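Dear colleague,

Please find below the sequence and structure that I am handing over to you. My notes on what was found follow directly after.

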Amino acid sequence: MRNYWLVLLLFLLAHCRSNPVNRDNILTTPTLDTVSFVKMEEHSPVPIQKTLDYDTLQWLDIADLDASILMDLKYATTDNFVKSQMYECGRCFLRPEVAQAIVKIHQDLKSKGYGLKMFDCYRPRPVQWALWEKVPDARYVADPRKGSMHNRGSAVDLTIVDADGNELDMGTHFDFFGKEAYHDYTNLSKTVLDNRKLLKSTMEAFGFRAIRTEWWHYSYQSKSYELSDMVWNCNNK
Ligand SMILES: [Zn+2]
């Protein structure tokens, strides 16, 4: 009988070793000083590790880092300038360093009673091609052959919300193509100018740079990344 249990134990040990856990995709792999990656199930004393469905060496999903960052991903809806849903589901993927910088910005804003709301993050190149087919005009859509910072996972479109989740007044809506959206357009109320200044100064303090014509667009400057065709998984989303 003792031998039987020994054989069983050896079998179990061998079986476990032949099915190693893919540690690359365990939520605890990427580390941020200020973010806990172990989610606690309500009423459960045991921390639950969440297995991720993407390559965490290449990407991080903002929702996995800080679920208090609001999402209004316009290309996952028809509320965008092409009036078509371009993403099967809305997920905010960014390169790891970019995602971590966004979380720090959100935390910085939170300490002042504000937070972030994301309109767009990484945009897969297949989606860039689909946009280009609808609007083949480089004034509005980046040529997918060259790609954009969004196609590299290092650009974000975003705004600031107050403690109740209400968007601050930035003078125009997202993707407003006109001079009123420009940073150098100053014929706006002091509140709007102050709000844009808060967004710009905070983003710049954490390594992002604005572009002249869109108050909502910022790209990360500290590292460059390849264009990507990665399309995220929408199962269970
Ligand atoms: Zn943008």
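With 2% relative accessibility, His106 counts as buried, where buried means under 20% relative accessible area, exposed over 50%, and partly exposed in between, for a 1.4 Å probe and protein chains only. Leaving aside neighbours within four places in sequence, His106 is in contact with Asp66, Ser68, Ile69, Gly115 and Leu116, contact meaning heavy atoms within 4.5 Å.

Before going further, some conventions. This is a predicted model, in which local features need pLDDT of at least 70 and side-chain atom pairs count only at pLDDT 80 or more, while totals for chains, interfaces and linings use all residues. Residues are numbered from 1 along each chain as its sequence is written, and side-chain values use heavy atoms, with hydrogens and water left out.

On confidence, the mean pLDDT of the protein is 86, and 79% of its residues reach 70 or more; pLDDT is the predictor's confidence in each residue, from 0 to 100. Over residues 7-14 the pLDDT is below 50, and this stretch has zero contacts in the model beyond near neighbours in sequence. Over residues 28-41 pLDDT also stays under 50, but here the model has 31 contacts beyond four places in sequence. Where pLDDT is low, the predicted coordinates should not be read in detail.

As for the overall fold, the secondary structure comes to six helices and nine strands, and buried residues make up 44% of the 237 residues in the protein. Of the contacts with a separation of 6 or more, 70% are accounted for by residues 24 or more positions apart.

The zinc ion is coordinated by His150 through NE2, Asp157 through OD and His217 through ND1, at 2.0 to 2.1 Å. Donors are here N, O and S atoms within 2.8 Å of the metal (3.2 Å for Na, K and Ca), and because water is not among the atoms, sites may look incomplete. The spacing of the donor residues in sequence is H-x6-D-x59-H, and both His150 and Asp157 are buried.

Turning to the aromatic residues, rings of Phe, Tyr and Trp (its six-membered ring) pair if their centres lie within 6.5 Å, with planes under 30 degrees apart counted as stacked, over 60 as edge-to-face and the rest as tilted. By this rule the count comes to 12 aromatic pairs. One of them, formed by Phe174 and Trp216, is edge-to-face, at 5.6 Å centre to centre and 80° between the planes. Phe174 lies in the loop between β7 (155-162) and α6 (190-205) and Trp216 in strand β9 (residues 214-220), so this pair ties together parts that are 42 residues apart in sequence. Both partners are buried, Phe174 with a relative accessible area of 9% and Trp216 with one of 0%. Elsewhere, ring pairs link Tyr54, Trp59, Tyr75, Tyr87, Phe93, Tyr122 and Trp232 into a cluster.

Finally, Arg145 is found in the loop between α4 (125-134) and α5 (149-152) and, at 54% relative accessibility, counts as exposed. Beyond its neighbours within four places in sequence, Arg145 is in contact with Arg125, Trp129 and Trp132.

Notes
Helix = DSSP H or I, 4+ residues; strand = E, 2+ residues; numbered from the N terminus.
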